[in-house]
Amino acid sequence: MSSFIEKSYQGKTQAWRYLLVPIAFIAFMSYNYWATLQSSTDTNEMMQVMIQSMGATTVLALLLLPLAIGFFVLLIYGLQVLKMPITGLFTSRTAFDWKRLFFAFVLWSFVIGCSTLLDFLLAPEAYEIQFSWDTFWPFALVAILLIPLQTSFEELLFRGHMTQGLGILTKSRAVAFIVPSVIFGLMHIGNPEVSKLGYGILAYYIGSGLFFGAMTLLDEGTELALGFHASNNLVGALLVSSDWTAFQVPSILKDIGEPSFGVDALIPLLVIYPVVLWILSRKYRWNQMGAKLLGKL
């Protein structure tokens, strides 16, 4: 079985085909961030005004819809411009492994559920129960429909398109592993939580990018990353929201504590992510892990 990156050789491998989309995306995100910096209105204040005007669920849909559409655009780009078979855009296997995706989704949902419950029990004063069926069900419907498409767009772009493209262009797994992960983290620089907590929180996003990138290269496919990312955004949004995060929605709980960036924010990077990768390595019998992450093609 060829590696995930080597699957790219089934299609067209000219540099412009792989560089066009990332350059356009980075340019758009850079302009969006520059425009945010030039604005006299705080990002979080803008979000609050939009929510008061249109409602939290409508704002969520408007934020997610372009990325959901982007997933299908990127899919068509892979098929028509890269001339890749659809399976090769996602995995090195002959067929997409849905069991891997669902296992990752369930495992990470369990971790999120347990950590949220534990935090709520230890510091109930930091949360407000805001569950209301009338507002929750339309929000949940929009979230279930659009968030997996949003996360799939990001995975297809960063762990698929960029990873494969940089791999075949540089012949280096290290470049294909590290560069998309760093760009993925920096993509979140315009999020409201960055302005609230400071640029240090970008370490969490870059670390998450490395986490998703590692499981993609070690497992030779994006199925696990797709499951984890969808669970992280969807289950997280359904359970907890706050007035200073990207998803300000009518979830079950609302975090009303005063946010701060400290060592506790790095626990996922230093403890949880390594443990999860160890579990996956045992379950899927990964080998030659160092070479798969940092070796040459």
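**Exercise 1.** Which residues line the largest cavity?

*Solution.* Some ground rules come before the steps. This is a predicted model, where local features need pLDDT of at least 70, side-chain atom pairs count only at pLDDT 80 or more, and totals for chains, interfaces and linings use all residues. Residues are numbered from 1 along each chain as its sequence is written, and side-chain values use heavy atoms, with hydrogens and water left out.

Step 1: find the space. A cavity is a set of points, on a 1 Å grid over the protein atoms alone, where a 1.4 Å probe fits but cannot get out; lining residues have an atom within 4 Å of a point. Grid points are joined across faces, edges and corners, and a volume is the space filled by probe spheres set on the points. The count is 2 cavities of 30 Å³ or more, and the largest cavity holds about 50 Å³.

Step 2: read off the lining, which consists of L74, G78, L82, L89, L156, G160, H161 and Q164.

**Exercise 2.** Which element gives the most to the lining of the largest cavity?

*Solution.* Helices are DSSP runs (H or I, at least four residues), numbered from the N terminus. Both α3 (56-80) and α5 (133-170) supply at least two lining residues, and α5 gives the most, with 4.

Notes: 1 Å grid on protein atoms, 1.4 Å probe; cavity = no way out; pocket = protein on both sides within 12 Å on 5 of 7 lines; lining within 4 Å.
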